[in-house]
Amino acid sequence: MKWFNWPQPWWLGLVFLFTILFGLLTIKEGGSVLFFDGPARLAAGHYVPFVLWFNFLAGFGYVIAGVGLWMRKRWAVWLTIAITAATALIFAAFEAHIYSGGAYESRTLFAMSLRTLVLTAVSVIAWRQLLPQEVYTDPE
């Protein structure tokens, strides 16, 4: 038995690998702002704490989901969908924060838009590729 199997089709492996790397980058960037008083925190400017904490913690979920997707596990599809839905809810709360006059960085608005779009795409791809599709047959 081989210890390493690239998912098929080949591009699916790239999507799953991207999900893992996206999660690792999210953990690194969020952690550097949250836990280290240095250049990353200064560069973050007016960050919104609940958005930053959510994204940092969600990064661990991306890594777990990406590994599960790589292994073609059904639970990983549902985890990806749950993280996507939670991200959309945090994005909505962030927009409410902006609307109420809270301080924020415009790059956070862009990043949350991109994050929601990317996670939605990964969720749709995982759904279509890993969950069996029921085929409707006409009873006649």
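In this predicted model, the axes of H3 and helix H4 (residues 74-99) come within 9 Å and cross at roughly 165°; axes here are lines fitted to C-alpha atoms over the stretch in contact, with angles running from 0 to 180 degrees between N-to-C directions. That makes H3 roughly antiparallel to H4, a label used for angles over 145 degrees. The helices themselves are DSSP runs (H or I, at least four residues), numbered from the N terminus.

Residues are numbered from 1 along each chain as its sequence is written. Local features need pLDDT of at least 70 and side-chain atom pairs count only at pLDDT 80 or more, while totals for chains, interfaces and linings use all residues; side-chain values use heavy atoms, with hydrogens and water left out.

Then there's the largest pocket, holding about 590 Å³ of space. A pocket is an open set of points on a 1 Å grid over the protein atoms alone, where a 1.4 Å probe fits, with protein on both sides within 12 Å along at least five of seven lines; lining residues have an atom within 4 Å of a point. Its lining has 20 residues, with Glu29, Leu52, Asn55, Ala111 and Arg115 nearest the centre. H1 gives the most, 6 residues.

Definitions and conventions
Points joined across faces, edges and corners; volume = space filled by probe spheres on them. Helix = DSSP H or I, 4+ residues; strand = E, 2+ residues; numbered from the N terminus. Parallel < 35°, antiparallel > 145°, perpendicular 65-115°, else oblique.
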